[in-house]
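Me: I would like to go through this structure by question and answer, moving from the whole chain towards single residues.

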Amino acid sequence: MFRGVTGRLVTGAVGVPRYVSKTPVARRLTDRVKDAAPFDASLLQLLVCPLSKKPLRYDGETNELINEELGIAYPIVGGIPNMIPQEARLIQKDGDASTTPTQG
């Protein structure tokens with residue numbers, strides 16, 4: 001829903017053509033912004049999964065907030081957690097193969 005809104009605001013306000021945001025230089029600049037701000041781990045006391053309302057675990061390797069119960073990971077972009085369920089990615093839980101039901 002909000003994907004690309006910032007780009008449209010910036011390119012519209014500055015008057016930069018939209019195709020400029022697709023150039024390698026623009027991509028490198030946006031990648032720097034994404035990685036610039038670290039995540040504040042004290043937010044974990046306040047944040048819960050919007051779907052299950054359970055606490056989340058921070059994974060510094062992938063820079064994501066993990067919901068172990070549902071097996072989903074919310075990305076952190078520029079130090080800000082993206083808690084939109086549609087933007088979360090599915091992660092594989094350990095032992096999924098042993099819990100699959102068999103047909104009989």
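Me: What percentage of the 104 residues of the protein count as buried?

Reply: The model is a predicted one, and a residue is called buried when its relative accessible area is under 20%. Applied to the 104 residues of the protein, that criterion gives a buried share of 19%.

Me: In which order do the elements of the protein run from the N terminus on?

Reply: The protein contains two helices and five strands. Read from the N terminus, these elements follow the order α-α-β-β-β-β-β.

Me: Is glutamate 64 buried or exposed?

Reply: Glutamate 64 is located in strand β2, which covers residues 64-67. Since buried means a relative accessible area under 20%, and glutamate 64 has a value of 8%, this residue is therefore buried.

Me: Which residue has a side chain joined to that of glutamate 64 by a polar contact of 3.1 Å?

Reply: Leaving aside neighbours within four places in sequence, glutamate 64 is in contact with several residues, including Arg57, Tyr74, Ile76 and Arg89. The polar contact of 3.1 Å, which links side chain to side chain, joins glutamate 64 to threonine 62.

Methods. Residues numbered from 1 in each chain as written. Predicted model: local features only at pLDDT ≥ 70, side-chain atom pairs only at ≥ 80, totals over all residues. Heavy atoms only, no water. Helix = DSSP H or I, 4+ residues; strand = E, 2+ residues; numbered from the N terminus. Buried < 20%, exposed > 50% of the residue type's maximum accessible area, 1.4 Å probe, protein only. Polar contact = N/O pair within 3.5 Å; in protein donor to acceptor, adjacent residues only side chain to side chain. Contact = heavy atoms within 4.5 Å.
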